Amino acid sequence: MSDPVEIIQTPIRLEYNYTPGVARSRFLNGLAEGRILGERCERCHKVYVGGGSGACARDGIPMTEVVELPHVGTVTTFCVVNVPFAGSTVEIPYTTAAILLDGADIPLTALLQEVPAADVRMGMRVEAVWAPEDERGPTSDSIRYWRPTGEPDAPIDDVLKRMRADA
Amino acid sequence: MERTAIVGIGQTKHDTAREDLSIAGLVREAATRALDDANMGWADIEAVVVGKAPDMFEGVMMPELYLADALGAVGKPLLRVHTAGSVGGSTAVVAAHHVASGLYERVLTVAFEKQSESNAMWALAPKIPFQPTLVAGAGGYFAPHIREYIRRAKAPDHIGIEVAVKDRVNGMRNPYAHLRIPDISFEKVAESPMLWDPIRFLECCPSSDGACAMVLTSERYAATGKNPAAWVRGTAVRSEPLGMAGRDEVNPCAGRDCAADVYAQAGITDPRGQIDLAEVYVPFSWFEPMWLENLGFADEGTGWQLTDKGVTALDGDLPINPSGGVLSSNPIGASGMLRFAEAAMQVRGQAGEHQVDGAHLALGHAYGGGSQFFAMWIVSSERP
Amino acid sequence: MREVAVVSFAQSTSVRNNAVQNEVEILMPVIQKAVADSGIPSKEIGFTCSGSADYLAGQPFAFVYGLEAIGAWPPVRESHVEADGAWALYEAWVLLQEGEIDSALVYGFGKSSPGQVRDVLTRQLDPYYLAPLWPDAISLAALQARALLESTDHTEREMAEVAARSRRDAKTNPNAQVTGDFDAEQILSDPYIVSPLRKHDCAPISDGAAAVVLAAGDLARKVSKRPAWIRGIDHRIEPHYPGVRDLTRSPSTRKAAEAAGALQSEIDVAELYAPFTSQELILRDALGLAKPNGTKINPSGGALAANPIMAAGLIRIGEAATRISNGEANRALAHATSGPCLQQNLICVLEGE
């Protein structure tokens, strides 16, 4: 009789088909066309972008008014990442930032490049860097990353105050 | 509403991987200790309320089904709560309601995570189609908000390090704590690798296997246990949506509202003055000053000063996390209940080497998700 | 015991595969309707509780997105169970007993279409001894059905009749997925998918959501002409291992029914969550409804007509409540189940005033 079994490995493989849903599909299809599409809630008038669930989380209603957003925004906060994760192709350290697009009320999270981590600041103005047209598709990778526009920083206190304003 | 007492408390030795126990063994280690402390047997329990975080942490769907036998729940009501990271706390709250409602008199509540079974970093954020994955680990999510706190509060850089040291020093006095770093020091933390700026490696919680259990009873059974009962003086939960425009993730409204509710129930008008200690969910060092403000212990922008002045140390005026907190042990599903249980242990005089002298009124706090789910309770050595 | 009633109920139409909407988009209109029909303004509802399962969705924290559907602002008292919405209703009912709040919104939701449900459910089993064998949900139910046929007087014909009755009754249920006139002979001539279960013996795979609003005492009377009062509600669990249980009986259903006071007098309508025809027979035996006499079993068509897992149990409560509210019934019983082969069961007894 060999040693008692104390640990077993039980691999689990389950396959799932994901449905992004109507709102997220609209956002991703917009990216394929080189456009950033958000939506405005008819009740609180906030503009959402990033293709969430399609609900205005404050009011619990679907948002149907589509709003096209410019490809520039302000860094509202950020962090420098030194931890690699499985499947990542980005060199570490890299910077991720919350970017409030001009006209949006909720930031989207994205990768910053073409700027040393030490130079990233809250209030920095950034623009999207798109994949070449023939490489775009209904995926967040259509925007490769965001880089500084070179404009003077936005007044961060004002930006954050507006972003946190209650409806 | 019926008075609710805590008469038994138990927890496991938390560790990176409890390879000596199955999942059932892990929950039983905590549950049997709680029953023993309560001077009760499995047959005395009328209902079981279980909590844990996402099932991907163990690779078992709805594991309470598998654990029905191990938890002595056969023939009884068994409920499983899942509210993300706050779950340990909200589970205790649900268990308390089972008694406060008058429906049950003796309830066993258990929260656990055996996250070594699967891959915790993956389970927290697997790659889901159509959703970008930018950062690994919870730290990547919270670091930007911590940065905003530091800016708003004009806090000096070293505050996070002070918390990390304090909690590990406390952890050395807790025989159940996972992390034991005898040579923990300011320099050691400051020199540890920066993971998600401004969070360093030693400012992060570990990934732990662990479980916590409590026996809650009606007043009729409050004197049953080996130790004096702790009394529930208030429980509250609040949630706010994750992706809502206008949210403040640094000082969330749900946290402030939850605290206001539980303080009102417990007759607390001056938290800083009336509460003797708090066990607060701090998975990354900077959450201590942030939660001190969110919980009304300090005015906005000044929470870091309490840390800096040593007020939150074990021998300070308002000890925070005398157990070593989440920074010392983090079995995710159990961590919230550990905060609630440790608060109760303190007011029962049961905390051994990390006992706060004269602890009579304590706060247990848990949060989860993107700082959106909150669960809190106030416990006292005094019967309401 | 404080008087609590179901004052509204809404559900989505169950479909095999909603490839267009995500869970939140399916849930939103259901919640809006339940809240609107309740007569209680959304911001006045005292507590919200939901039921869903991460493994069904194939992602952790799946329930978090559900919160976007309710307009949780200002912050709300909210909780969630990793189980069918029927258990979320139980949690809400417990809280309502305390008297601090007077109303609650309960919802359950899930898409079964993303994964292979019969394989996903194997993850509910003991991870050391059972799950590695991947005994899929249909095979386990078949094991149970085989035991039933061999050790009791129940027959495959009875099972076929349950299927035929369910699909026929579902014709009047606008939210049902599988409806139609099938006769027992036709069904019996179909091949087995896993002996002794045929396709018709099994619930369909469904995407869907449901919501219920509960209100206490005077508030219920104020907002509803005929509230469906919860006179008793209880749930019990059995041992986990199928090999340890007598799969042909459901003692936890019996015990929950006794504790809920279900057996004290005649039931007009019983909505039973039986994803397999054989399981309906077992549940009816446990509830003394083997010969239904005056009791109408699953007028909605039951789970055999639509089975949005994580909402289907809540739907049984909603369907039973609806028949009280519209005057069709005075006393109804709703049942929900969870776990392999009816391991855990919940019984809710509803009455008109």
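Is R165(C) buried or exposed, and what is its relative accessible area? In this predicted model, R165(C) has a relative accessible area of 16% and is therefore buried, the cut-off being under 20%.

**Salt bridges within chains**

R165(C) and E280(C) meet through their side chains in a salt bridge, with 2.8 Å from N to O. The two residues belong to distant parts of the chain: R165(C) sits in helix α7 (residues 156-169) of chain C and E280(C) in helix α11 (residues 277-286) of chain C, 115 residues apart. E280(C) is also buried, with a relative accessible area of 1%.

A second pair in chain C is formed by R316(C) and E271(C), whose closest N and O atoms are 2.8 Å apart.

In chain B, the side chains of E105(B) and R220(B) form a salt bridge at 2.6 Å, N to O. E105(B) lies in the loop between α2 and β4 (106-114) of chain B, and R220(B) in the loop between β7 (209-218) and β8 of chain B, so the pair ties together parts that are 115 residues apart in sequence. E105(B) counts as partly exposed, at 23% relative accessibility, whereas R220(B) is exposed, with a relative accessible area of 61%.

Over all chains, a search of the whole structure finds 68 salt bridges.

| Item | Chain B and chain C | Chain A and chain C |
|---|---|---|
| Residues in contact | 54 residues from chain B, 54 residues from chain C | 27 residues from chain A, 32 residues from chain C |
| Buried area | about 4800 Å² | about 2000 Å² |
| Share on carbon and sulfur atoms | 66% | 57% |
| Salt bridges | one salt bridge | zero salt bridges |
| Residue pairs in polar contact | 20 residue pairs | eight residue pairs |

Between chain B and chain C, M61(B), L65(B) and Y66(B) supply 15% of the area that chain B buries against chain C, more than any other three residues. The salt bridge here joins R77(C) to D261(B), with the closest N and O atoms 4.0 Å apart. On the side of chain B that touches chain C, the elements giving two or more residues are β3 (78-81), α2 (87-100), α3 (120-124), β8 (230-239) and α7 (253-266) of chain B. By class, that side has 32 nonpolar, 12 polar and 10 charged residues.

Between chain A and chain C, Y16(A), T19(A) and S53(A) supply 27% of the area that chain A buries against chain C, more than any other three residues. At least two residues each on the side of chain A that touches chain C come from α1 (22-32), β3 (55-56) and β4 (61-62) of chain A. By class, this side has 14 nonpolar, eight polar and five charged residues.

**The nonpolar core**

In soluble globular proteins, nonpolar side chains tend to be buried together. The largest nonpolar core here has 196 residues, and those touching the most other members are I6(B), W196(B), M214(B), Y263(B), F297(B), L214(C) and L350(C). Leaving aside neighbours within four places in sequence, the contacts of F297(B) include Y263(B), P271(B), R272(B), I275(B) and L363(B).

Terms used: Residues are numbered from 1 along each chain as its sequence is written. Chains are lettered from A and ligands numbered from 1 in the order in which they are written. This is a predicted model: local features need pLDDT of at least 70, side-chain atom pairs count only at pLDDT 80 or more; totals for chains, interfaces and linings use all residues. Side-chain values use heavy atoms; hydrogens and water are left out. Contact means heavy atoms within 4.5 Å. Buried area is the accessible area (1.4 Å probe) that two parts lose on being put together, summed over both. A polar contact is a pair of N or O atoms within 3.5 Å; within protein, one must be able to donate a hydrogen and the other to accept it, and residues adjacent in sequence count only if both atoms are side-chain atoms. Helices (H or I, at least four residues) and strands (E, at least two) are DSSP runs, numbered from the N terminus. Ala, Val, Leu, Ile, Met, Phe, Trp, Tyr, Cys and Pro count as nonpolar, Asp, Glu, Lys and Arg as charged, and the others, Gly among them, as polar. A nonpolar core is a set of buried Ala, Val, Leu, Ile, Met, Phe, Trp, Tyr and Cys residues joined through side-chain atoms within 4.5 Å. Buried means under 20% relative accessible area, exposed over 50%, partly exposed in between (1.4 Å probe, protein chains only).
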